[in-house]
Amino acid sequence: MRLAVTTALAARPADVAAAREAAARHALPFLPREHRSLAAAAAGAGAEALLVLSHRGATLFLDGAERRWDPGMGVLRARRLLRGERDTRDPFLEAAGLRPGEAVLDGTLGLAADALVAAVAVGEAGQVVGLEASPALAFLAAEGLARLALPAARRVEVRRADAAEALAALPDRSFDLVCFDPMFRHARAQPPGFDLVRRLGDPRPLSPETLAEARRVARRAVLVKDGTPGWDLARLGLTPLPSARGAHRLYARIDR
Ligand SMILES: C[S@@+](CC[C@H](N)C(=O)[O-])C[C@H]1O[C@@H](n2cnc3c(N)ncnc32)[C@H](O)[C@@H]1O
């Protein structure tokens, strides 16, 4: 997908400078907005999608519509954790059992909701790296996180990468937890903003080879999420952890 970076209309000079820097960081062309509509700017540059940046946030202009980066319940979940509320209402946290100072590798970053929550859970001494195969989603999440009014968001390091390739290049036992939330095969009601993930996300299921690499890279555990009834967990030979009655999501954890 041909991507470029631009700004919101009437952008402040600081926003223009930040957008230029972001374009350079992601090796994308920068398009001065020049009072043009997003459609005109994209057409002029032959871009299929535009990453639109301002101090208020990051959006993606695609298929004629602008969608804001929105990690859904991720911000609420992160704030709840910051307030010290118990994590039993957060199945991801409950299954992951994260502790302060841990290093987490999220192999399926998506909109970075789980990565944001993980960044709060591991705290300033911890580390969260998120891998995302889709360049548009990776850059959108990186720029959205950079603009979120939550300091933990700055602790998520986004890498545009295929998890299988990235894991193969990592040393043994180099992250405490490696987690995966692959695309579900059966679409269910999803949070707002998730249509972007459905449109752009890598639909491949987690392969046994990638899971084996994750086991090698993990010091403490590998966590895999699936939709009920857990066909993918069964395919991978994993047993789901007990879940709440009526839960739509299942987790399996492989402890090292
Ligand atoms: C269901 S979403 C993850 C949502 C995420 N847990 C969140 O909190 O926003 C799955 C994401 O994983 C990405 N993905 C799938 N396979 C991947 C792979 N092999 N390497 C990197 N990213 C991958 C997809 O592109 C998609 O964005």
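Predicted model: local features only at pLDDT ≥ 70, side-chain atom pairs only at ≥ 80, totals over all residues.
**The whole protein.** The protein contains 10 helices and 10 strands. Its radius of gyration is 18 Å, which agrees with the value near 18 Å that a compact globule of 256 residues would have. Buried residues account for 44% of the 256 residues. Of the contacts between residues at least 6 apart in sequence, 69% join residues at least 24 apart.

**Helix H1.** Next, select residues 13–25, which form helix H1. Colour Ala19, Ala22 and Ala23, the buried residues of H1. Viewed down the helix axis, the buried residues fall within an arc of 100 degrees, so they line one face of H1. To see what they pack against, display strand S1 (3–7), strand S2 (49–54) and helix H6 (135–146). Then turn to the face directed away from the buried side, where Pro13, Ala14, Ala17 and Ala24 are exposed. Just after H1, stop at Ala27, which takes a positive phi of about 55 degrees.

**The ligand.** Finally, centre the view on the ligand, which 23 residues surround. The closest are Thr108, Gly110, Ala113, Ala163 and Gly201. Helix H5 (113–122), strand S6 (127–132) and helix H7 (163–168) are the elements that each give two or more residues to this shell. Colouring the shell by residue class shows 12 nonpolar, five polar and six charged residues.

How values were computed
Residues numbered from 1 in each chain as written. Near = placed C-beta within 6 Å. Helix = DSSP H or I, 4+ residues; strand = E, 2+ residues; numbered from the N terminus. Nonpolar A, V, L, I, M, F, W, Y, C, P; charged D, E, K, R; others polar. Expected span 1.5 Å × (residues − 1). Buried ≥ 20, exposed ≤ 12 C-beta atoms within 10 Å, placed from the backbone. Arc of directions from axis to C-beta. Contact = placed C-beta atoms within 7 Å. Rg over C-alpha atoms; globule rule 2.2 N^0.38 Å.
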